[in-house]
Each structure stands twice: as structure tokens, then as C-alpha cells.
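Good morning, and thank you for coming.

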Amino acid sequence: MRRTLTLIALARQRQNSQRSAVSLPPHIVATSGKAINDTPPIQSLDRGLAILEAVAASSHPVPLKQLTDLIGIDRSSVFRLANTLRQRRFLANPKGSKDYILGPTAWRLSRRYGRNVLGMFFHHHLQELTATLGETSHFTVREGVEVFFIDHQIPTGQVVSVAGQTGEFAPLHCTAHGKALVADCDLSALRDLLGSGPLQVYTRTTVRSVTALARVCAEVRAAGFAFDDGEYIAEVRCVAAPIRDPQGEIVASVGISSPVSRLQTRAIPTAAAEVKKTADAITASLAG
């Protein structure tokens, strides 16, 4: 497994944080009801699906005006279509705004058919968490005995920050996200997952045994968050919290990564509170 510690310059942060315009994916065309091949589409369904995919293609909440421009019909019709999707919970309005993001129905479908939509569904939470704490935020899921990074948000205004790891893997036992993802596991479950032998050591603070990891998991369950004190990458500290589905099972985690020099001991409680708040908000959004 490739270990990464990348400290990036502000210029790259600003480049990555630039907001891109919302547009329909290349394969989506809002039709006017003309026949495609031999069978004409159902116009309202076609337009509704175009709205859904346009929102899914954006990493930011999409205003009604942009949807109206994209679909090319009157605003009231677009609103009725989007509102129908919202009522079926394919779309949602974050924090009472009138903009649109993917809703929990899209999340449930994504759990069956793929992960690509997950980052889009949660991305605005990452944006808010990063804006609040000024650190790189990540959303992850468990893939076997590893953490898989689904999405990230890099802060602006920091000369040095931890790079995003979207698409990368990391160990479960020595990362905050990993410990959050297995927080409900007892010693027996951890042995079934990781075996009973010694765990790979990356730094002097790495958790080295399954028994020790079981104690850590109990602490995570009690505290509601996990902490990585340079256990995987010595110069990086991370805080993460579990995200639960409506049945209470841990399905993902959200958290922040920071240079050790900035996330000092006195700052950890504040960071943990914000990370837990974000995880709770995502968990609550899945319950509807």
C-alpha cells in the first residue's frame, strides 16, 4: 500500500476550490418530446431525470435558476419537477435552503449500485466542515480490511494543509477513519476481521495489537469520535466520527486531517465536536 503525505501549496488549494459551473453530463439531453429511435420519451419523466442527473453531477447545491437554464423550460415547471423529486427524497434542500442536493433515496440506491454518488451526496457537509475548522475533510467507507476514501474537501487560506486522498486506501487499525468504521467491533469481531497476529507498525504511535485496538474501539464508542495521533503518518493528526444508517449500523465516516503543528492537543475537543456534529447531521439525513 502506498503511503502518502502531501503538503500542498496555497496556489493548488485555490485551484481545487474554484467553483465549477453546473452542467448536464455529456450523455444527458433535456428533450422536447421528440422521438428517440422508435419510441418517444415521456417528456416529464425525461426532464425529471435530467434534473436529477444534473444535481448529481454537481459538487455544490444547485439553485433552481440553474436547473431552469439547463432544462430550458419555464421556472414553475422545473420547480414542480424538482419538488416531486424532493418529495420522493431523490433531492433535498440543505439546511432549509432552496438549492438542491441529492437526497437519502439516492443514497440508498447508491449503496446497492455503487459509490460514485456518495461523494456528491455528502460533499456539502465536507465543505461546511472544512470551512469551519480550516482543515482538509474526508468521507470514507470500509473496503475489507482497509479504509477507502470517497471524497475530500481542501481548505482555502492555509499555506500548508494535508492533501485530499480521494480514491486511495489506508489501514483500519491506525487511522481515525478506520477506527471510526470499526468502532462497534469487539475483540472477537476484530480478530475475525484482522486476525490475531501483530498489526503493521507505521510510526511509534501505531496501535500494534488487536487487543489494543479493541480497547480503542470501546473508547471511540464512548466518545463518539476517533483520533489518530500520527499513527499512520507521523506528521498528520486526524479526527473522524462514524456515520450510521437508519438501522444504526456504521456505513461510513467523516473527519478532518491536519498537520500535527496545527491540530494541537488543546484544539482536539473543538475539532471533535464539529466532526461529530457533521456525522450526526449526515446520519440524521439518512433516517428520513
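Is F169 buried, partly exposed or exposed? F169 is partly exposed, at a relative accessible area of 32%; buried means under 20%, exposed over 50%, and partly exposed in between, with a 1.4 Å probe and protein chains only.

A word on the source: this is a predicted model, in which local features need pLDDT of at least 70 and side-chain atom pairs count only at pLDDT 80 or more, whereas totals for chains, interfaces and linings use all residues. Residues are numbered from 1 along each chain as its sequence is written, and side-chain values use heavy atoms, without hydrogens and water.

Searching the whole structure gives 2 aromatic pairs. Rings of Phe, Tyr and Trp (its six-membered ring) pair if their centres lie within 6.5 Å; planes under 30 degrees apart are stacked, over 60 edge-to-face, and the rest tilted. F148 and F169 form a tilted pair, with 4.8 Å between centres and 45 degrees between planes. The pair joins distant parts of the chain, 21 residues apart: F148 belongs to strand β5 (residues 146-153) and F169 to strand β7 (residues 169-171). Strands are DSSP runs (E, at least two residues), as are helices (H or I, at least four), numbered from the N terminus. F148 is buried, at 15%.

The rings of Y202 and Y232 lie with centres 4.9 Å apart and planes at 80 degrees, so this pair is edge-to-face. Y202 is buried at 16% relative accessibility, and Y232 is buried at 5%.

Finally, the helices: S44, R47, G48, I51 and L52 in α2 meet V78, L81, A82 and L85 in α4, where contact means heavy atoms within 4.5 Å.
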